[in-house]
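Here is a short report on one protein chain. Look at the sequence and the model first, then read on.

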Amino acid sequence: MTGADLLLLALGAVAVGAGVLVVTTRHLVRAGLYLVVCLGALAGDYLVLGAELVAWVQVLIYVGAVVVLLLFAVMLTRAPIGASDDLDRPGWPAALIGGGAGLGLSVLLVDAYRWSAVALPGAGTAERLGEQIFSSWVLPFEVLSVLLLSALVGAVVLSRPDIGRRTGDEPAPAAELASGGRR
């Protein structure tokens, strides 16, 4: 085992550990910060594998933008930031489904390659990556951008109770609601 192999395994272990913390923590903001650690470790894996462009895109797009968008969405929608008791559900169904999916994918991978060596393509360049993105992957990127924009607009609408309310639609007081609208 070389030093690169050990570094790859160590970064992979950090990514898996942070990923487990993302889904097991009861604090929403901490889950976002653990996600930063997980995505940063994946970027480190990409650097070890020699895919510098993909690593920096990972840092800029996912760590820099998506996690910030997630934290802004939490702040805009006034979601509870601390520990949430309503998230205290049994974890065994999710662990069973995740373990089954992982085992199924592992069996599929072993069956597909039968432990044979696979010839790797030549090293990628920014030019080849750009050609692929802007020739055959333009539509998925545009759909994703519209989806993210609509999610941001939805978060703003949810966070502002005055948007969409007509002038006479003030919420009724609790006493009026209890009496069925009669005074």
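Aspartate 45 is buried yet has no salt bridge. Arginine 128, the nearest side chain of opposite charge, is 21 Å away. Buried means under 20% relative accessible area, exposed means over 50%, and partly exposed lies in between (1.4 Å probe, protein chains only). A salt bridge needs a side-chain nitrogen of Lys or Arg within 4 Å of a carboxyl oxygen of Asp or Glu. For charge, Lys and Arg count as positive and Asp and Glu as negative, while His and the chain ends are not counted.

This is a predicted model, in which local features need pLDDT of at least 70, side-chain atom pairs count only at pLDDT 80 or more, and totals for chains, interfaces and linings use all residues. Residues are numbered from 1 along each chain as its sequence is written, and side-chain values use heavy atoms, with hydrogens and water left out.

What does aspartate 45 touch? Not counting residues up to four places away in sequence, aspartate 45 touches Leu7, Leu8, Leu11 and Gly12. Such a contact means heavy atoms within 4.5 Å. Aspartate 45 itself lies in helix H2.

The chain has seven helices and zero strands. Helices (H or I, at least four residues) and strands (E, at least two) are DSSP runs, numbered from the N terminus. Along the sequence the pattern reads α-α-α-α-α-α-α.

Now take H1. Helix H1 covers residues 3-24, which is 22 residues. At 1.5 Å a residue, H1 should span 32 Å. The expected span is 1.5 Å times one less than the number of residues. The end C-alpha atoms of H1 are 31 Å apart, which agrees.

Which residues of H1 are buried? They are Leu11, Ala15 and Ala18. These residues cover an arc of only 70 degrees around the axis, so they sit on the same side of H1. The arc is that of the directions from the helix axis to the C-beta atoms. An α-helix has 3.6 residues a turn, so residues three or four places apart point the same way. On the other side of H1, Leu9, Val16, Val23 and Thr24 are exposed. The buried residues of H1 pack against helix H2 (28-48).

Glutamine 58 is in helix H3 (residues 52-76). Leaving aside neighbours within four places in sequence, glutamine 58 is in contact with Leu39, Leu42, Ala43, Tyr46 and Val63. Valine 156 is found in helix H6 (residues 138-159).

| Residue | Relative accessible area | State |
|---|---|---|
| Glutamine 58 | 7% | buried |
| Valine 156 | 33% | partly exposed |

Of the 183 residues of the chain, 10% count as buried.
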